[in-house]
Amino acid sequence: MAIPALQIKDVSKDFGRIIALRGINLSVDPGEFVSILGRNGAGKTTLLNIISGVSQPSEGSVELFGSDPSDRQNKAKLAVISHEMFLYDNLTAMENLEYYSRIYNVPDSAVRVEQVLRDIELTHRRFDLVSTYSRGMTQRLTIARALLHEPALLLLDEPFTGLDQHAIGMLINLLRKQREKGRTILLTTHDLHTAKELSDRFIILEKHRIVKDGMMADTDPDKIRNEFFSASTAGVEV
Amino acid sequence: MRSKIDKFLLIVLFPAFLTCMYLIFQWVPQIKASNPAEQIAQRIFYFHVPSAWLGFLAFFVVFCASVAYLATRNRRYELISVASAEIGVLFISLVLITGPIWAKPVWGIWWTWDVRLTSSLILWLIYVAFLMLRRYLPDGSKRANLSAVVGIIGFIDVPIVYYSIRWWETQHPKAVMASSEGSLAAPMFFAFMFSLATFTLLYVYLIRKRYQLLKLEDMLNKQFKEMEIL
Amino acid sequence: MRAAIAIVKKDLRMEFRSKESILAMWIFSLLIFVIFNFTFEVSRLVMLEIAPGLLWVAFVFSGMFGLNHSFALEKENGNLRAMALMPVDGGQIYVGKFLSVTLIMLMFEALIFPVFIIFYDLQLSLQTFKLIPVLLGGTIGFTSLGTILSAVAVHTRNQQILLSLLLWPLVSPIIIWSVTLTGMVLGGEITASFYPLLTRVVAFDVIFFTLSYMLFDFILED
């Protein structure tokens, strides 16, 4: 078997008065699509931060394609999509993408930029400032920006929250395409049905630990909901 | 073990401070000065200089703890740096208070923009900013990182600040210990050293207590958190 | 250097696009000259003595403005986190931000200085060119510390006040030296202490640039 895309061993994040993660073990193979489910505050975002190397675990080790994620060179292999846009309002779509393609040293950047603009159907607005965009358009551009350097590992932190229907459909399509290309994808979400539709595997984080790790194919989303996000705990996030 | 050391320190500190008072106000001979007010005011020196020394020591500890934190990411060093910065600010505040009390009868003014005075004030401002920064940030590893960076930059800046204003004329009394001529008479020297030692012990005691308190706070918060989790 | 240059280009492009901030800074500096003139009604002789200080007050205030602006841009839309995710060293990102802030501040200085000369009727001579290394040295010192401290302050809710609190005391040596050196040049009395003092300025720049370069990674990290 090849090196796993992601190998997390006994990771805890426990700083001062804050407990975020405890004894996390997770191995993801290249090409897998894993959904991370759990309530707010269960540690999903912290887990993604540790995987992306932005945050240091207090204990344990993380390996991304066999090397340390806080190693700067390694970061070219991953992309993050979250509620944060990572875009400059005072630049055009074109300028934003050109900037990031220079930072990520994207080969043939002009061609690549054009290509992603076409994928998100924004070619006609590419010379307009991002500040003039509608919310949905900005979100599409965010997705394009993340895919610009063809990351081998995609980390999606609640990417569907706040998206309009059009953008959701587009994101789902793009994610399917990414999956076909053999990219590894980790997705945190509250939407169990979308998770089922997209991913092969899921893990459930509860109280800072992984409480379930299973395959999507033989699971019924409603059963997960009843088991882990039962009405007694308000069902706020489900 | 920990509490034993603290108890010992406390037992030593009480009589030490009483002795300090006796030495400073009774035992040390009156200095010769034309101005009678100056004769009394001079005794503030035994508090003023040890406070300044402790301020520097405390900030040096902030620097070391900040470096140690960035190297290890151990919460322990973050807590030490905060504890030490707080105590340092306290002592430099004492310096800034006792200085003018002495200066008024002797120089006739509370304050002058002299090297020592200005650099002490800037020093105080640097570490007040350090503590303010921590107030503005939520607890977590981000805050620990940011304050460690400021703790390092701040300390590197301290000698530069002093150096930068040195070309100004100074009115401030010379570092008495250093010069052979006009150096302290033997009893004064003894009283000063005694006071310095007592203050340093006080620092050790205070930082231990503050550190323990911060750690207890952490533990308590964590326990609440665990209760929530379970 | 590729990433640093990309950051500089991006920053300058945005700065020139929203010309308001450049204009606002320039007007602000004018105001400083005017207000000082009203509040301290002094003779021309005294004015000449405080003029170097006044010039640096204007520089530093507009520099503060520039620093706040530059990092407010990085905060919007979470771009600071995007920087933490970049496949380049924190040091490179620091160099990029440092360069863009420095270039913008130097540009302001070039715009403010002529006004200053006119307002205070200063005599220009060949000597005046010695002001160039002074302005460069002082500005670089200010921005090298300012860049890293803005990156710290931007994480708080009260970015602007905190930047002032952190930066003013720490940057005071470089301001003191720069004012002294500027006074020497403008007063036409360049003494023997001019070059040693200038060397100190350069030493300060080197120390804080290097220190910030090494520490910037820790600021981006969570």
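Figure 1. Chain C contains 8 helices and 0 strands, in a model that is predicted rather than experimental. Followed along the sequence, the elements of chain C read α-α-α-α-α-α-α-α. The C-alpha atoms of chain C occupy a box of roughly 55 × 35 × 30 Å along the principal axes. The mean pLDDT of chain C is 90, and 100% of the residues score at least 70. Within chain C, the mean confidence is lowest in helix α2 (residues 19–39), at 83, and highest in α6(C), at 96.

**Figure 2. Packing of α2(C) against α5(C).** Two packed helices are described by the angle between their axes and the distance between the axes. For α2(C) and helix α5 (residues 90–119) of chain C, the angle is about 30° and the axes lie 10 Å apart. Angles under 35 degrees count as roughly parallel, and α2(C) and α5(C) are therefore roughly parallel to each other. The crossing of α2(C) with α5(C) is right-handed. On the α2(C) side, the contact is formed by Met25(C), Trp26(C), Ser29(C), Leu30(C) and Phe33(C). Facing them from α5(C) are Phe108(C), Leu111(C), Ile112(C), Val115(C), Phe116(C) and Phe119(C). By class, the contact of α2(C) with α5(C) comprises 10 nonpolar residues, 1 polar residue and no charged residues.

**Figure 3. Packing of α3(C) against α6(C).** Helix α3 (residues 44–75) of chain C packs on helix α6 (residues 131–153) of chain C at an angle of about 40°, and the two axes are 10 Å apart. The helices α3(C) and α6(C) are therefore oblique to each other. Their crossing is right-handed. From α3(C), the residues in contact are Val60(C), Gly63(C), Leu67(C), Asn68(C), Ser70(C) and Phe71(C). These meet Phe142(C), Thr143(C), Gly146(C), Ser150(C) and Ala151(C) of α6(C). The contact of α3(C) with α6(C) divides into 5 nonpolar, 6 polar and no charged residues.

**Figure 4. The interface between chain C and chain B.** The contact draws 22 residues from chain C and 25 residues from chain B. On the side of chain C that touches chain B, α7 (159–186) and α8 (194–220) of chain C each provide at least two residues. The largest share of this side, 9 residues, belongs to α7(C). The side of chain C that touches chain B consists of 15 nonpolar, 4 polar and 3 charged residues.

**Figure 5. Packing of α6(B) against α7(C).** Helix α6 (residues 141–164) of chain B and α7(C) pack at an angle of about 35°, with 9 Å between their axes. The crossing of α6(B) and α7(C) is left-handed. The α6(B) residues in the contact are Val150(B), Ile153(B), Gly154(B), Asp157(B), Ile160(B), Val161(B) and Ser164(B). The α7(C) residues are Leu166(C), Leu170(C), Ser172(C), Pro173(C), Ile176(C) and Trp177(C). The contact of α6(B) with α7(C) holds 9 nonpolar, 3 polar and 1 charged residues.

**Figure 6. The interface between chain B and chain A.** The contact takes 10 residues from chain B and 9 residues from chain A. Helix α7 (residues 186–229) of chain B contributes the most to the side of chain B that touches chain A, with 5 residues. This side of chain B divides into 1 nonpolar, 3 polar and 6 charged residues.

Figure 7. Chain A has 7 helices and 9 strands. The C-alpha atoms of chain A fill a box of roughly 50 × 40 × 40 Å along the principal axes. With 238 residues, chain A has a radius of gyration of 18 Å, in agreement with the value near 18 Å for a compact globule. The pLDDT of chain A averages 86, and 96% of the residues score at least 70. Where pLDDT is low, the predicted coordinates should not be read in detail.

**Figure 8. Confidence in chain B and in the complex.** Chain B has a mean pLDDT of 85, and 88% of its residues reach 70 or more. Residues 176–181 of chain B have a pLDDT below 50, and this stretch has 3 contacts in the model beyond near neighbours in sequence. For the complex, the predictor gives an ipTM of 0.91 and a pTM of 0.91.

Terms used
Residues numbered from 1 in each chain as written. Chains lettered and ligands numbered in written order. Predicted model: local features only at pLDDT ≥ 70, side-chain atom pairs only at ≥ 80, totals over all residues. Axes fitted to C-alpha atoms, helices over the stretch in contact; angles between N-to-C directions. Helix = DSSP H or I, 4+ residues; strand = E, 2+ residues; numbered from the N terminus. Parallel < 35°, antiparallel > 145°, perpendicular 65-115°, else oblique. Left-handed = near helix turned anticlockwise from the far one by under 90°. Contact = placed C-beta atoms within 7 Å. Nonpolar A, V, L, I, M, F, W, Y, C, P; charged D, E, K, R; others polar. pLDDT = per-residue confidence, 0-100. Rg over C-alpha atoms; globule rule 2.2 N^0.38 Å.
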